[in-house]
Amino acid sequence: MEKAFHLILASASPRRRQLLAAAGVPFEVIVPNIPEPDDVMNHLPPGQQAESLAYFKAREVWDQHPTRWVLGADTIVALGNQVLGKPRDEAHARQMLSLLSGSRHAVITGVTLLGPLGRRLIASDVTYITMKKMSPADIDAYIASREWVGKAGAYAIQETADRYIEKVDGSFTNVVGLPMELLMRMIDEVRQS
């Protein structure tokens, strides 16, 4: 494979863009044109759900650019086997935050790299978050901040929700939306093959 490794990021996430840029990975963005499913994959364990969603996003873009390397990612929050994606509205965000308040839960990001000749690497990373108990007033204030919009589990650790986090076991960048340690290992694997 050539030395230059230029990705297509199949994501609208500004956080994923920031992480790739900070790591010095050259990329361009093509947002996949697929709807986010609600409960389509509930029969799968949470890790497989995240990996499947990442694959579908990458595949939609790769189908248009089959000679390029395409990166897809999807982050979910799992409380046991209950998967929490992005909240639909304020009431849904409030429900998610009430469930997560005082819990230890998993943040799982599925990562897919699709490349020339149909090559593919699919993996996921899990970070465990221990969240402090949030009072109803805390939840109201966080809902009013609108930081929950578009965030799995209705919170963003990289913004002001970090004040409600007691402990992070695992990759911080995974919680932000792209486990960079895992991704760099995947890129190294592609480069060496």
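## Close-up views of a predicted model

**View 1. Helix 1 has a buried face.** In helix 1 (residues 14–22) of this predicted model, Arg 15, Arg 16, Leu 19 and Leu 20 are buried. Viewed down the axis of helix 1, these buried residues fall within an arc of 130°, so they line one face of the helix. Gln 18 and Ala 22 sit on the other side of helix 1 and are exposed. An α-helix has 3.6 residues a turn, so residues three or four places apart point the same way.

**View 2. The surroundings and ends of helix 1.** At the start of helix 1, Ser 13 brings a side-chain oxygen to within 3.2 Å of the backbone nitrogen of Arg 15. Gly 24 follows helix 1 and has a positive phi, near 75°.

**View 3. Thr 173 in helix 5.** Thr 173 belongs to helix 5. Thr 173 has a relative accessible area of 16%; buried means under 20%, so Thr 173 counts as buried. Its side chain and that of Glu 181 are joined by a polar contact of 3.4 Å. Neighbours within four places in sequence left aside, Thr 173 is in contact with Leu 19, Leu 178, Pro 179, Met 180 and Glu 181.

**View 4. The nonpolar cores.** The largest nonpolar core has 44 residues. Leu 113 and Tyr 155 have the most contacts inside this core. Helix 6 gives the most to the core, with six residues. A second, separate core has eight residues, among them Ile 8, Tyr 55, Val 61 and Val 70. In soluble globular proteins, nonpolar side chains tend to be buried together.

**View 5. The contacts of Tyr 155.** Leaving aside neighbours within four places in sequence, Tyr 155 is in contact with residues including Leu 97, Leu 100, His 105 and Val 107. Tyr 155 is also in contact with Ile 129, Met 131, Tyr 142, Ala 161 and Ile 165.

**View 6. Helix 3, its cover and its ends.** His 92, Ala 93, Met 96, Leu 97 and Leu 100 are buried in helix 3 (residues 90–100). Down the axis of helix 3, the buried residues fall within an arc of 135°, so they line one face of the helix. Their cover includes strand 3, strand 4 (82–84), strand 5 (104–114), strand 6 (120–131) and helix 4 (136–145). Asp 89 caps the N-terminal end of helix 3, with a side-chain oxygen 3.3 Å from the backbone nitrogen of Ala 91. Just after helix 3 comes Gly 102, with a positive phi of about 75°.

How values were computed: Residues numbered from 1 in each chain as written. Predicted model: local features only at pLDDT ≥ 70, side-chain atom pairs only at ≥ 80, totals over all residues. Heavy atoms only, no water. Buried < 20%, exposed > 50% of the residue type's maximum accessible area, 1.4 Å probe, protein only. Helix = DSSP H or I, 4+ residues; strand = E, 2+ residues; numbered from the N terminus. Arc of directions from axis to C-beta. Polar contact = N/O pair within 3.5 Å; in protein donor to acceptor, adjacent residues only side chain to side chain. Contact = heavy atoms within 4.5 Å. Core = buried A, V, L, I, M, F, W, Y, C linked by side-chain atoms within 4.5 Å.
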